[in-house]
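Biologist: I would like to learn how to read a protein model. Can we take one feature at a time?

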Amino acid sequence: MSKRIAVIVGSLRKDSINRKAARALVQLAPPSLSLELIDIGGLALYNQDFDLEPPSAAYAAYREQIRQADGVIFVTPEHNQSMPAAMKNAIDIASRPPGQNLWSGKPGAIISASPGLHGGFGASSHLRQSVMCLNVLCMAQPETYLSQAHKLFDEAGEPREDGRKYLTRFINAYADWVARLAA
Ligand code: FNR
């Protein structure tokens, strides 16, 4: 049976390059993985007071999606050399309340995409630091920072040859990582 993999995209905008990359990963994934994009746009900004109350319907549904996932892929843009607030919010929500860190032990991977030359390296590094402390078992290689990433997709949002090559290498390595951790 294929492993259920949650894909978290840190961009909320309609024409997001990172969402194009995430959608391509869904298509390119080998049969051992079943990828599902998780919507984080409707999640209220996390407030620690929420830990003292029953969760909102949106929080509960989101947390359940993470709970049920066998692994997680973070697809992140770079905002001011870090991950976007929406991504950090999504990470924080599923790490709480205390003692209920849903990320722990899941095989994870990070990919970043930017129209700039550094490919979102800063976002990826900050994100890695956060999820490592939550005990996501993060794939180390291949580090994948898609630079000038707008050029990797055509007008229809499909990956061009280079985009397909980088994304295929990434998702195949991740499938191996998931299999290795499951063994
Ligand atoms: C950016 N962008 C950006 N790009 C980058 O390479 N390094 C950076 O530090 C930043 N900083 C930044 C801050 C803010 C607030 C915005 C809105 C944008 C540009 C960013 O990479 C570009 O808008 C991407 O297209 C965002 O990814 P999506 O939405 O296309 O997935």
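Modeller: Start with the order of elements. From the N terminus on, they run β-α-β-α-β-α-β-α-β-β-α. Helices (H or I, at least four residues) and strands (E, at least two) are DSSP runs, numbered from the N terminus. This is a predicted model: local features need pLDDT of at least 70, side-chain atom pairs count only at pLDDT 80 or more, and totals for chains, interfaces and linings use all residues. Residues are numbered from 1 along each chain as its sequence is written.

Biologist: How many helices and strands does the protein have?

Modeller: Five helices and six strands.

Biologist: Which residues of helix 3 are buried?

Modeller: First, the term. A residue is buried if 20 or more other C-beta atoms lie within 10 Å of its own, exposed if 12 or fewer, and partly exposed in between; C-beta atoms are placed from the backbone. In helix 3 (residues 85–93), the buried ones are Ala-86, Met-87, Ala-90, Ile-91 and Ile-93. They lie on the same side of helix 3, because they cover an arc of only 165 degrees around the axis. That arc is taken from the directions from the helix axis to the C-beta atoms.

Biologist: Is Asn-80 buried or exposed?

Modeller: Asn-80 is exposed, because it has 8 other C-beta atoms within 10 Å. Asn-80 sits in the loop between strand 3 and helix 3.

Biologist: How far apart are Asn-80 and Ile-91 in space?

Modeller: They are 18 Å apart, C-alpha to C-alpha, and 11 residues apart in sequence.

Biologist: What share of the protein counts as buried?

Modeller: Of its 183 residues, 40%.
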